[in-house]
Number of protein chains: 2
Amino acid sequence: MRVAILAHEKFPAGAKTALGVLRYADYEAAAVLDRESAGRRVNDFVPDVQDAPIVKGMADLEADAVDTLLIGISPIGGEFDESWRDDVRTALESGCDVVSGLHYFLAEDEEFARLAAENDCELRDVRKPPEDLSVAEGVAGEVDAEVVLTVGTDCSVGKMTTTMELARAAEEAGHDAAVIPTGQTGIMIEGWGNPIDRVVSDFTAGAVEEMIVEKGDDHDYLFVEGQGCIVHPAYSAVTCGILHGSMPDKLVLCHNAGQEAIHGYESFALPDRRTYVDLYESLSAPVSGGEIVAGALNTSDLETDADARAAVEEYATEIDAPATDVIRFGAEDVLEAIVE
Amino acid sequence: MRVAILAHEKFPAGAKTALGVLRYADYEAAAVLDRESAGRRVNDFVPDVQDAPIVKGMADLEADAVDTLLIGISPIGGEFDESWRDDVRTALESGCDVVSGLHYFLAEDEEFARLAAENDCELRDVRKPPEDLSVAEGVAGEVDAEVVLTVGTDCSVGKMTTTMELARAAEEAGHDAAVIPTGQTGIMIEGWGNPIDRVVSDFTAGAVEEMIVEKGDDHDYLFVEGQGCIVHPAYSAVTCGILHGSMPDKLVLCHNAGQEAIHGYESFALPDRRTYVDLYESLSAPVSGGEIVAGALNTSDLETDADARAAVEEYATEIDAPATDVIRFGAEDVLEAIVE
């Protein structure tokens with residue numbers, strides 16, 4: 001699959017989905033669309049991901065250059081930005097599918113629906129949950145696979161990245177591992193998955209369980225993409241549903257080095273790291289007994305590797321488990337705590 | 001409003017909503033529908049609630065005997081039982097509104113929608129959330145009112161009942177108290193509220209917060225109807241969202257005397273009571289610092305008052321807070337731990 005990734009005015013720092021796809025997906029990236037950085041290349045900004053030219057818009061690409069346009073950014077609220085309409089229109093008119101993780105569903109947009117029908121292309125809204133979800137039966141713990149869930153001290157602390165890096169490292173070490181995607185970026189990368197933050201709240205655990213049951217007997221390890229944070233004033237429900245629905249055997253605690261308050265809710269201080277370990281473990285204990293076996297620290301704000309290494313060591317001591325920065329130092333350092 | 005309450009084969013023990021309405025709502029109950037107990041009366045089974053005859057179905061009632069049919073039971077999964085179709089049909093044909101808390105929305109049932117339109121009646125699905133919900137802003141803690149949330153060791157342990165009894169007792173003691181309804185029964189009783197278990201999971205906390213903010217400066221005490229249980233394999237997401245979205249100052253822990261496993265999920269043993277206290281308090285601590293200040297024990301399975309009294313005393317010791325059975329012994333025993 002050859003994709004173009006829309007990231008207007010946001011690449012790379014504000015384009016988490018675009019970066020995730022460039023880093024982890026098996027797609028061939030033909031271009032990133034960012035009208036502010038057109039003429040440069042992905043690797044000019046981010047060296048360690050798949051490279052691609054950055055262009056102004058779909059009109060700058062050859063008609064058959066791509067099969068699919070991915071919307072690689074998500075504004076707060078998940079609305080569609082009307083300045084992207086030309087690109088989506090051009091994509092559909094040249095026969096490309098369009099994949100979006102916005103709250104605004106492209107398939108419900110009259111013009112896009114018509115163009116997709118006329119040109120025989122698919123509009124895939126990955127944040128639209130399937131209709132057949134239900135309450136959990138409490139059976140995720142019965143699958144053969146060892147289930148490893150990433151949990152965090154806040155949103156946006158690297159749970160998706162850690163999940164992907166651990167799964168890759170496990171596979172490279174010869175294990176049979178799969179990712180259970182629970183959010184838009186994970187779903188775009190893997191090409192399947194339930195958008196847990198959009199399901200009916202009663203079905204939160206059930207929507208995760210369904211995926212665990214589907215994949216759990218085909219692999220030795222399932223790496224579940226966590227969401228939110230268990231003490232987040234807005235998003236803890238999703239976190240709790242994933243913790244109990246996936247019934248993890250092992251947890252990996254993700255944290256941004258130096259972060260002291262919930263992002264966007266600054267009056268809520270982060271508890272200390274040990275408190276997070278106790279909270280996640282005591283909440284998991286009656287359901288699946290998951291334990292924090294490793295930590296993933298995002299040290300991208302620290303300039304030197306020496307500072308990052310020191311921060312990782314301090315973090316490992318705080319949570320009493322091996323830790324790493326999966327991007328800076330690799331996931332291998334913690335892998336043996338997870339796969340046996 | 002004169003209501004008939006459908007509770008086929010489930011009255012009274014399996015008809016939580018029916019009982020709640022009979023006990024707390026201001027409606028006149030013209031009949032309970034239960035084909036298994038037809039011919040008897042509500043007070044034959046439950047002496048301390050509004051009495052009404054029990055009949056086989058809507059066809060046994062005079063055409064103008066009721067204004068509204070309430071669906072007073074909810075099977076696991078919230079499906080509509082096809083054996084109830086005749087009653088709903090008869091109700092609509094005789095001009096009655098139908099109010100339902102099922103996951104299955106009656107307004108989307110083709111036959112019911114047609115009959116409602118033809119007979120100018122309303123199909124009100126109280127579990128259908130409003131369209132304008134959003135993520136929590138983390139502001140419920142800023143309201144003037146003291147917020148009291150009921151939490152539980154499982155579903156169906158008396159959270160709704162305890163909420164209603166505490167609010168009534170507070171009002172009788174001269175305080176200005178209001179109930180924040182979060183589930184189908186509470187919403188049916190109060191006539192307003194957000195069905196938290198049906199909102200988009202990302203909006204769980206936000207849907208509670210919205211109600212707290214709406215009522216919080218008009219009353220001295222808000223009694224929030226809790227849902228589920230924080231270690232429930234299926235429903236903990238909703239519990240967690242309410243705990244953080246309502247930002248309670250005080251928590252009341254509800255439990256069924258003698259219960260040892262999660263109902264319907266029997267392989268999951270209930271943790272001991274002290275563990276629940278620690279879990280709810282430690283999870284609340286970083287967000288609103290709510291503390292368990294009282295306990296509500298449902299002793300309806302214990303025959304003698306002496307046994308019930310002993311069980312309540314043991315429970316109070318376990319949770320290290322005053323406790324009562326709000327139905328058997330009244331809420332007054334614990335009121336002074338809650339209102340000051």
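Leaving aside neighbours within four places in sequence, which residues is Thr17(B) in contact with? They are Ile71(B), Gly72(B), Gln184(B), Thr185(B) and Met188(B), where contact means heavy atoms within 4.5 Å. This is a predicted model, in which local features need pLDDT of at least 70 and side-chain atom pairs count only at pLDDT 80 or more, while totals for chains, interfaces and linings use all residues. Residues are numbered from 1 along each chain as its sequence is written, chains are lettered from A in the order in which they are written, and side-chain values use heavy atoms, with hydrogens and water left out.

**Thr17(B)**
- Thr17(B) sits in helix H1 (residues 16-24) of chain B; helices are DSSP runs of H or I with at least four residues, and strands are E runs of at least two, numbered from the N terminus.
- Thr17(B) counts as buried because its relative accessibility is 3%, with buried meaning under 20% relative accessible area (1.4 Å probe, protein chains only).

**The interface of chain A and chain B**
- Here, 36 residues of chain A are in contact with 37 residues of chain B.
- About 3000 Å² is buried between the two chains, and carbon and sulfur atoms give 61% of that; the area is the accessible area (1.4 Å probe) lost on putting the two parts together, summed over both.
- The elements giving two or more residues to the chain A side are helix H7 (204-215), helix H8 (236-246), strand S12 (265-269) and helix H9 (273-284).
- H8(A) provides the largest share of that side, seven residues.

Conventions: Buried < 20%, exposed > 50% of the residue type's maximum accessible area, 1.4 Å probe, protein only.
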